[in-house]
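User: I have a structure open and would like to learn how to read it. Can you take me through it feature by feature?
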Amino acid sequence: MTDIAVQSVAPLLNVEGLSASFAGRHATIRIIDNVSFEVKPRRVLGIVGESGSGKSVTVRSILDMLRNPGRVDSGTVMFNGRDLVGLPEAEMRKIRGKRIAMVFQDPQAALNPVMTVGEQIAEALVVHGASRAAARERAFELLRQVGIPDVERNFDQYPHQFSGGMRQRVVIAIALANKPSLLIADEPTTALDVTIQAQILRLLCDLKDELGLSIIMITHDMGVVAELCDDLVVMYGGRVVERGTVADVFSAPRHPYTAALLHSVPRIDSNTGSQLRAIPGSPPTPARLPSGCAFHPRCRFAVERCRSEVPRLEELAPAHSAACWVSAADRMSVPPEEEGLVRKARRTLSANPILQIEDLRTDVNRGSGSFFSKAKPIFAVDGISLEIRPGETLGLVGESGCGKSTLSRTIVGISPVAGGKITVAGRDVSAMNPEDRDTIVRTIQYVFQDPFASLNPRRSIAQSLGEALGVAGVNGEKARERSVELLLRVGLNEDFLERYPYELSGGQRQRVGIARALATEPKLLICDEPVSALDVSIQAQIINLLEELRDELGLAYLFIAHDLSVVRHISDNVAVMYLGKIVEMGTAEQVYGSPQHPYTAALISSTPEPALDARQEKIVLAGDMPSPANPPSGCRFRTRCPIGPAYFPEREICSTSSPNLKETATGQKAACHFAGTPIKAGTRDEAGNG
Amino acid sequence: MTVPQSKPMHRRWFNPSIARYMEAFTTTRGIAALTAIILISALAFLAPVVFPGGYDVQSRESLRAPSFLHFFGTDELGRDLFVRSIYGLRSDLALVYFAVPVSMVAGTLLGLIGAVSPRLGSFVQRCLDIIVGFPGLILGICVVLVLGAGWTALLVVIVVSGLPGFGRLARATLLSQQQREYVIAARTLGVGKWQIMVRHILPNAVDPIIVQGAVFVVSAIFIEAALSIVGLGLQPPEPSLGTLLNNGIRYISRAPTYVLGPTVILIIVALAFSMLADALNATVNRK
């Protein structure tokens with residue numbers, strides 16, 4: 001990968017010693033400090049870091065787009081032999097959008113809702129001096145280039161008529177409108193589902209080759225880096241801590257942070273027997289950056305010097321630099337951490353399920369009709385059966401909109417049951433009368449995705465926990481004692497009692513959320529994406545905590561996530577959901593080892609792996625999930641299925657009859673007429689709704 | 001496990017908000033508004049001390065223009081208009097300081113009733129819509145017809161006309177808060193509806209309601225004035241800013257300065273409360 005030819009080519013963009021700060025009321029806070037890197041023609045540079053690491057500020061500084069009160073303090077940004085720092089706004093505008101284009105995280109926010117997508121693309125061209133007619137012509141061409149189907153019709157559609165993946169394609173088309181030589185993509189796939197992410201990553205990859213683009217890819221996901229990038233810059237606390245080619249960094253990381261980051265995420269093909277190697281602590285905020293090396297409080301190699309002196313970025317191997325006193329001294333790559341603790345022996349599972357669901361249906365449109373007519377029912381959960389026994393973890397995976405959150409909310413009684421039966425601890429609670437709710441509350445509790453939203457910002461931690469304990473009948477001094485116990489149990493301490501949520505980091509808030517769920521001593525926790533809102537280095541801590549609690553308290557989990565690697569790591573059994581139905585269910589080994597349903601196979605294949613050897617042909621699903629208001633006839637997956645009638649027209653059964661969950665040769669259940677059919681990787685990539 | 005014997009769990013559910021309201025009075029606008037309101041209120045409520053003679057001292061000098069002896073001039077019976085204005089202001093402020101909080105509390109409760117029973121909640125909203133449907137003066141006339149002109153009628157009119165505003169604000173908070181994850185979290189914990197309303201929804205409704213309250217003080221004073229101008233407010237000889245204006249209009253050709261004093265006071269009061277609302281609004285909405 002690091003051939004001489006590439007090394008010697010003059011860089012397209014050369015950032016040297018870039019520093020930027022935000023002027024606050026009392027103090028000026030340095031956000032990025034002495035950032036240097038270069039982007040070579042036709043290569044993809046990944047900038048990786050957690051929240052607050054300064055990666056977005058870096059690219060905003062390059063384009064002179066820092067929001068007030070931010071400003072660039074020093075450094076040079078050489079683009080095609082021209083320094084962009086201090087360029088007048090009029091000059092900068094000619095470069096922005098024309099020579100350097102940008103793609104943002106949220107395609108919804110990046111498009112104007114009252115303009116058709118075609119007009120928006122044409123506008124990007126007209127602004128830089130094209131005629132209306134020519135701009136329109138080019139817009140058609142661009143839409144085709146980014147894989148929008150049926151361009152003639154879609155040209156005059158509005159953004160809300162497009163799905164998330166299609167919108168992101170439009171945003172990319174706008175970015176490409178003026179044939180830029182550098183594309184900056186700021187977390188372009190973070191808001192998207194894995195199968196759509198795979199589509200967009202492939203699109204970017206194709207565009208790079210086709211148009212000879214250079215790309216700066218900002219991400220927090222090492223999997224995306226492994227998938228797409230050639231070079232890598234790792235940022236921590238506003239500084240570059242490691243820089244090199246992806247191959248070098250992944251095979252021999254020189255900074256302990258990079259190494260820890262690579263090892264803390266669960267792997268989809270990993271052995272699930274051991275705990276994850278979590279990085280202790282949480283990422284620093286720019287206002288309270290630790291002295292010396294910003295990573296030293298969390299680093300297992302830290303020596304005295306790390307606390308006092310900021311390490312310089314030094315070339316430790318050819319074209320591979322790191323800013324670390326320890327690895328600079330011994331010139332070695334960071335050794336992998338000793339194996340994680342082996343998980344304790346699990347309790348034996350009893351035979352009686354704690355939660356049993358039979359043929360459950362939930363109508364999410366209920367009550368939204370007008371005074372005169374009832375709304376047409378929309379079954380977001382449509383005939384789901386599953387059971388969870390004490391001490392067991394059922395992982396539930398699926399893309400957004402597949403109904404996994406609706407399912408969990410129906411179980412705890414927030415959404416009404418439209419049909420079917422829910423049995424909790426041996427009691428049929430489908431009627432949801434007060435005694436039923438009581439049974440549910442005492443048996444099942446909920447851990448929410450976003451720990452900031454799920455804690456009332458006006459209430460102290462003691463109050464939030466006290467509320468939960470009050471429900472369980474524990475009040476007064478007893479409640480305080482119990483709160484402290486709960487906090488200790490989740491790895492916090494008494495000091496947190498009087499704090500408010502804004503004083504806590506994301507990981508700490510999620511711990512409080514878990515403590516609150518444990519207050520009523522439930523038997524089953526429903527974890528709805530409990531780690532997806534957290535920084536990568538925090539996720540492992542929370543997963544380890546959940547596993548520890550499960551084994552110590554004999555809890556059962558319904559673990560909902562879109563991240564397949566995390567689900568595999570924690571789950572005994574896995575259920576895969578698509579458009580309100582379970583398409584495959586079995587033990588984690590069965591489902592991941594030999595997926596029988598093509599959707600499962602595609603999900604597993606689409607998940608980016610933080611390893612280079614995983615770079616192989618992917619199964620990229622075409623199109624998006626249809627709306628549950630209007631599901632396809634027969635098999636609901638048939639519109640996107642790589643082995644279905646879209647590719648094999650003779651398989652008519654898929655459009656006429658809905659497959660049932662039935663046992664397959666490998667032991668798990670799958671709902672597919674052609675279960676187990678091998679899938680050719682790299683199915684044609686086309687966005688479209690069929 | 002040993003837990004130190006310290007203070008019991010706090011029950012300070014809107015302490016942070018109170019601290020924020022105090023911040024409003026560190027801005028120039030806030031200080032100016034608060035000073036003006038305190039001075040005006042002190043003057044009004046201490047009127048019997050400052051002007052021990054009362055508002056009904058007559059003289060032969062009727063319908064005089066403002067002078068050093070009579071700041072606002074005199075009325076048709078030779079009574080000092082400044083004294084009468086201050087006593088009038090006293091009636092108005094007494095009325096408003098009593099009616100507005102009552103309206104705030106009642107409106108908020110009506111708006112939040114939907115937290116306990118969604119059906120009752122939307123029924124109450126439709127009733128509030130009906131109140132909005134009446135033009136203010138018509139509503140006032142109806143109430144006066146039933147209760148007769150006087151303090152009670154004015155109180156009822158002010159309280160009732162404030163209800164829709166407060167009720168809708170509270171309901172808006174309720175509807176948005178019900179979607180919040182921490183409210184859903186409380187529901188999954190099995191927390192009761194009343195407790196959710198008091199702990200999670202009410203504290204969030206307090207901010208907009210307080211600001212709206214300051215705005216409504218101005219409206220309430222104008223309601224009093226409007227009713228009194230048409231003769232449905234406080235009855236003579238009791239002065240109010242509205243009755244003074246009512247009388248002033250009758251003598252507008254012979255003594256054009258009659259209405260000047262009460263108007264100036266009305267404007268000062270309105271400005272002070274508007275500024276207060278502004279300052280509070282800027283503080284509570286600061287991100």
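This is a predicted model: local features need pLDDT of at least 70, side-chain atom pairs count only at pLDDT 80 or more; totals for chains, interfaces and linings use all residues.

User: How many residues does chain B have, and what share count as buried?

Analyst: Chain B has 287 residues, and 43% of them count as buried. Its C-alpha atoms fill a box of roughly 85 × 45 × 30 Å along the principal axes. Take the contacts in chain B between residues at least 6 apart: 70% of them join residues at least 24 apart.

User: How do I read a pair of packed helices?

Analyst: Two packed helices are described by the angle between their axes and the distance between the axes. Take α2 (residues 28–45) and α4 (residues 81–112) of chain B. They pack at about 105°, with axes 8 Å apart. Angles of 65 to 115 degrees count as roughly perpendicular, so α2(B) and α4(B) are roughly perpendicular to each other.

User: Which residues meet where α2(B) packs on α4(B)?

Analyst: From α2(B) come B:Ile40, B:Ser41, B:Leu43, B:Ala44 and B:Phe45. From α4(B) come B:Ile86, B:Leu89, B:Arg90 and B:Leu93. By class, this contact has seven nonpolar residues, one polar and one charged.

User: Now the sheets of chain A. How should I read one?

Analyst: Strands of a sheet pair through backbone hydrogen bonds, either parallel or antiparallel. One open sheet in chain A has eight strands, ordered β6-β7-β8-β3-β9-β10-β12-β11, with mixed pairing.

User: Which strands stand at the edges of this sheet?

Analyst: The edge strands are β6 (100–103) and β11 (314–317) of chain A. Each has a single partner strand, so one side of each is left without a neighbour in the sheet. Neighbouring strands here are turned by 20° against each other on average, direction ignored.

User: Can you show me one pairing inside it?

Analyst: Take β9 (residues 231–236) and β10 (residues 239–245) of chain A. They run antiparallel and are joined by six bridges. In one of these, A:Leu232 has A:Gly244 in β10(A) as its bridge partner.

User: What is the strand order in the open sheet that contains β18 of chain A?

Analyst: The order is β18-β19-β20-β15-β21-β22-β24-β23, eight strands with mixed pairing. At its edges stand β18 (444–447) and β23 (662–663) of chain A. Each has a single partner strand, so one side of each lacks a neighbour in the sheet. Four bridges join β18(A) to β19 (residues 524–528) of chain A, and the two run parallel. A:Tyr446 has A:Ile526 in β19(A) as its bridge partner.

User: Which helix packs on that sheet, and which strands does it touch?

Analyst: Helix α23 (residues 598–606) of chain A does, touching β15 (393–397), β21 (573–578) and β22 (581–587) of chain A. Its direction makes about 105° with that of β21(A).

User: Last topic: domains. Where do they fall in chain A?

Analyst: The domain assignment gives domain 1 (13–99 + 178–330), domain 2 (114–177), domain 3 (355–571) and domain 4 (581–670).

User: How many residues are in contact between domain 1 and domain 3 of chain A?

Analyst: 21 residues of domain 1 are in contact with 19 residues of domain 3. The C-alpha centres of these two domains lie 35 Å apart. On the domain 1 side, α9 (194–211) and α12 (256–264) of chain A each supply at least two residues. That side divides into nine nonpolar, eight polar and four charged residues.

Definitions and conventions. Residues are numbered from 1 along each chain as its sequence is written. Chains are lettered from A and ligands numbered from 1 in the order in which they are written. A residue is buried if 20 or more other C-beta atoms lie within 10 Å of its own, exposed if 12 or fewer, and partly exposed in between; C-beta atoms are placed from the backbone. Two residues are in contact if their C-beta atoms, placed from the backbone, lie within 7 Å. Two strands pair if DSSP finds at least two bridges between them. Axes are lines fitted to C-alpha atoms, for helices over the stretch in contact, and angles run from 0 to 180 degrees between N-to-C directions. Angles under 35 degrees count as roughly parallel, over 145 as roughly antiparallel, 65 to 115 as roughly perpendicular and the rest as oblique. Ala, Val, Leu, Ile, Met, Phe, Trp, Tyr, Cys and Pro count as nonpolar, Asp, Glu, Lys and Arg as charged, and the others, Gly among them, as polar. Domain bounds come from an automatic or database domain assignment.
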